[in-house]
Each structure stands twice: as C-alpha cells, then as structure tokens.
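The following note sets out several points on the model for a colleague's review. Please read them alongside the sequence and coordinates.

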Amino acid sequence: MENNQLLENTLNKLLSPKKENILTGFNDLDSILAGINKGNLITIGGRPAMGKSSLLMSIFENVLKAEKRCLYCSLDMSEEQFLKRLFIQYAELNNTMVNIDNISDKDKELLNKTMEDLKTFEFKLNCNSLTINDIEDDITQYKPDYVFIDYIQLIKIGAKKEMQNEMKNILKHLKNIANEYGCYIFITSQLSRALEARVDKRPLLCDLREAGAIEEVSDVVMFIYRESYYRSRDEIINPEAAEIIVAKNKFGPVGTVFLLFKGEILKFCSPFKTNKF
C-alpha cells in the first residue's frame with residue numbers, strides 16, 4: 001500500500017466517530033489508556049494478596065457488561081473457584097458469609113439473578129494447566145475481543161535457567177497473537193519481594209519478575225498499591241483506598257488512578273460510583 005493511501009486510512013481512523021478505545025470500566029483509567037489499541041498487551045503487577053486477580057476480574061466483569069467477547073485463562077484457580085468468585089463479585093455478596101454457607105434468601109435471589117445475567121454474556125473460561133500454544137488455540141477458535149491471563153509466571157515454560165528467555169518468547173508470542181487477532185490481552189504478574197525492603201513500597205518497573213522481558217514487550221504496565229496491605233486499618237484514613245499506578249504507557253501518559261478495593265466482595269470499584277457499566 002502506498003504511503004498516501006496509508007496516510008489517508010490513518011486519518012480516517014483518527015477522525016472516525018466510531019473509534020473504539022480500550023475499556024476497563026473505570027473512567028479515569030480508561031482516560032489514561034485512551035491511546036491503547038487492539039493488539040496491545042497490558043500487564044497488571046502486584047505483590048501476593050495485593051488484589052491482582054480481583055482487579056483483573058473486575059475489569060473482566062466490566063468488559064462483559066459492555067457486551068464484549070472475552071476469554072479468561074486462570075492458571076491459579078480451578079473453574080469452580082473462579083466461578084464462585086465471579087458470582088460473589090457480580091452479586092456483591094460478602095465472601096465470608098458465602099464461605100460459611102450463611103446465605104440469606106435475599107442473597108439466594110441475587111445469586112440466581114447473577115446466573116441469569118452471566119448466561120447472557122459471551123465468555124470462554126479455561127482453568128487448565130496451560131501452555132502458550134493452548135492459549136493461542138483458544139484465541140484462534142473463540143476470537144475474543146479481550147483476553148485475560150492470570151498469571152503469566154504460571155504458563156508452562158522450560159527449565160528455570162532459561163526462564164528469562166522463555167518468558168520473553170512467551171510475551172512476544174502473546175503480543176503477536178494480539179496483533180494477528182485484533183484483541184486486547186491483559187496479564188497479571190508477580191512482583192519481586194525486593195520492594196519490601198524499601199521505605200516507599202509503591203512498585204517500580206524494576207520490581208517486575210523477569211522485569212526486562214515484561215517491561216520491554218508490554219504496551220502498558222500498571223501496578224496495584226494498597227496502604228492497608230502494609231499498615232493496620234486503624235492507622236490509615238481509608239482502608240479501602242487503592243492506587244493503580246500506570247508506570248508504562250507506550251501510547252499515552254503515565255499516572256495514578258485511585259480506586260476502592262472492597263475486600264469482602266473481592267472487587268475494585270470507583271470511589272465516586274462512576275464506573276461506566
């Protein structure tokens with residue numbers, strides 16, 4: 001295609017009122033990520049128990065409500081565990097009460113309503129022990145708009161001494177798949193425990209495990225930081241406060257978005273109830 005035609009096509013896309021931006025369902029985060037397009041790879045990093053799976057599932061729920069086709073690959077939970085969390089999150093029920101089978105009649109009605117809602121959404125779930133080829137097969141066959149992978153270090157790879165190179169190959173493969181099939185791919189990643197030694201424990205790009213590979217290949221890297229993870233609830237003003245730190249954004253600004261983490265319902269929410277869906 002000649003340069004003139006490429007220029008015209010690009011301008012038409014920029015001016016098109018039907019331009020489709022990435023969706024997370026959180027207005028402030030979507031504004032920062034407005035330059036991200038299909039074919040991009042987005043990494044969510046955090047320490048264990050910081051809420052990586054909860055944030056990924058919260059975005060997944062929001063995207064489903066926007067009537068997008070989704071593939072969710074959970075390498076950390078069984079199908080039953082994942083769907084139980086999804087029911088609790090969607091119905092906004094207290095996780096502890098559900099776990100001890102203390103479910104009221106009203107909650108049962110909510111769970112039944114949740115099931116009917118979930119049946120209307122287009123999503124495929126894979127909680128098996130996966131390789132990159134398994135994930136590619138799912139994307140090839142299902143053709144989702146959004147892909148969610150929790151979490152990247154659990155994808156089967158080679159020997160530990162080859163982990164750095166293998167991780168880079170996996171990430172590049174995912175990036176190529178995202179480009180080929182025109183989908184967004186979200187992944188979660190563990191962070192190094194080295195950050196625990198710092199006074200300010202807000203994550204940095206160097207805290208990513210296999211940091212060089214993930215930072216290089218990802219179009220966006222964002223981190224979760226919750227002060228309540230490190231301090232008792234009575235020491236802080238808002239125990240639910242959460243910072244989503246966009247540390248790398250290949251096509252736009254970086255910055256911090258403030259959300260609330262509702263631990264009892266395993267869900268991230270907007271502090272102003274302005275979620276899009």
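1. Two strands are said to pair if DSSP finds at least two bridges between them. Helices (H or I, at least four residues) and strands (E, at least two) are DSSP runs, numbered from the N terminus. This is a predicted model, in which local features need pLDDT of at least 70, side-chain atom pairs count only at pLDDT 80 or more, and totals for chains, interfaces and linings use all residues. Residues are numbered from 1 along each chain as its sequence is written, and side-chain values use heavy atoms, with hydrogens and water left out.

2. Strand E1 (residues 41–46) runs parallel to E5, joined by six bridges; Leu41 stands opposite Ile185 in E5. Strand E4 (residues 146–150) also pairs with E5 in the parallel sense, over four bridges, and Ile149 stands opposite Ile187.

3. How many residues of strand E5 (residues 184–190) are buried? Seven of the seven are, so E5 is largely enclosed by the rest of the structure. Buried means under 20% relative accessible area, exposed over 50%, and partly exposed in between (1.4 Å probe, protein chains only). Tyr184, Phe186, Thr188 and Gln190 point one way from E5, while Ile185, Ile187 and Ser189 point the other way.

4. The 13 residues of helix H4 (residues 79–91) should span 18 Å at 1.5 Å a residue, and the end C-alpha atoms are 18 Å apart, which agrees. The expected span is 1.5 Å times one less than the number of residues.

5. Phe82, Leu86, Ile88, Gln89, Tyr90 and Ala91 are buried in H4. After H4 comes Glu92, with a positive phi near 55 degrees.
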